[in-house]
Amino acid sequence: MSRAVEARIAELGLTLPEVVPPIASYQPAVQSGVYVYTSGQLPMVAGKLPLTGKVGAEVTPEEAKQLAATCALNALAAVKSVAGDLDRIKRVVKVVGFVASAADFTGQPAVINGASELLGEILGEKGVHARSAVGVTVLPLDAPVEVEVQVELVDA
């Protein structure tokens, strides 16, 4: 079976991580018909958050954008855990990003661009999606960002 998506991830110098274990009572991803819905993915790397705090205060927008890309990579790992193969992705349908924001921070869209841009780099046209970028007071574990992804699979 082709592994073009994972080859593209490697070509970008990235590694598809293991699925981040849930921190509460939920599944990292579920499939319903031809759709996979991920739970909100934190920017965990090797079981830890590389940074914590609010964007625009303890975390810079540039750092948060990188963390959003990490969230997207974690979301792809969650998709693979239920779809079996990332080459089954027909398209990314929607991305929802949450940004733990300082009171005066309004750059949420630019932060979540980290996830959107990475999905585009990996999946090309299949990575183009609808999106929401939402500022929130606090996220689990004091994470700066959280991203959830919905994808449509080819029938298989």
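**Exercise 1. Characterise the salt bridge that joins the side chains of Asp142 and Lys54.**

*Solution.* The N to O distance in the salt bridge of Asp142 and Lys54 is 3.6 Å. A salt bridge requires a side-chain nitrogen of Lys or Arg within 4 Å of a carboxyl oxygen of Asp or Glu. Helices (H or I, at least four residues) and strands (E, at least two) are DSSP runs, numbered from the N terminus. Finally, Asp142 is partly exposed, its relative accessible area being 29%. The classes are buried, under 20% relative accessible area, exposed, over 50%, and partly exposed in between, computed with a 1.4 Å probe on protein chains only.

The model is predicted: local features need pLDDT of at least 70, side-chain atom pairs count only at pLDDT 80 or more, and totals for chains, interfaces and linings use all residues. Residues are numbered from 1 along each chain as its sequence is written, and side-chain values use heavy atoms, with hydrogens and water left out.

**Exercise 2. Describe the packing of α2 and helix α3 (residues 108-123).**

*Solution.* Two packed helices are described by the angle between their axes and the distance between the axes. For α2 and α3 the angle is about 45 degrees and the axes are 7 Å apart. Axes are lines fitted to C-alpha atoms, for helices over the stretch in contact, and angles run from 0 to 180 degrees between N-to-C directions.

The helices α2 and α3 are therefore oblique to each other. Angles under 35 degrees count as roughly parallel, over 145 as roughly antiparallel, 65 to 115 as roughly perpendicular, and the rest as oblique.

The crossing of α2 and α3 is right-handed, meaning that the near helix is turned clockwise from the far one by less than a right angle. The residues of α2 that meet α3 include Ala68, Ala72 and Leu76, and those on the α3 side include Ala115, Leu118 and Ile122. Contact means heavy atoms within 4.5 Å.

**Exercise 3. Determine the surroundings of Gln41, Gln31 and Arg88.**

*Solution.* Gln41 sits in the loop between β2 (35-38) and α2 and is buried, with a relative accessible area of 3%. Its contacts beyond four places in sequence include Val20, Cys71, Ala78 and Val145. Gln41 and Ala78 are 37 residues apart in sequence, with a C-alpha to C-alpha separation of 8.7 Å.

Gln31 is part of strand β1 (residues 29-32) and is partly exposed at 35%. Beyond four places in sequence, Gln31 touches Val36, Val82, Ala83, Arg88 and Leu153. A polar atom of the Gln31 side chain lies 2.9 Å from the backbone oxygen of Gly33.

Arg88 occupies the loop between α2 (61-83) and β3 (89-100) and is buried at 15%. The Arg88 side chain reaches the backbone oxygen of Ala83 at 2.9 Å.

**Exercise 4. Which phi values do Ala46 and Leu141 have, and how accessible are Ala46 and Leu141?**

*Solution.* Ala46 is not a glycine, yet its phi is positive, about 55 degrees. Ala46 lies in the loop between β2 and α2 and is exposed, at 80% relative accessible area. Leu141, also not a glycine, has a positive phi of about 60 degrees. Leu141 is found in the loop between β4 and β5 and is partly exposed at 49%.

Conventions: Polar contact = N/O pair within 3.5 Å; in protein donor to acceptor, adjacent residues only side chain to side chain.
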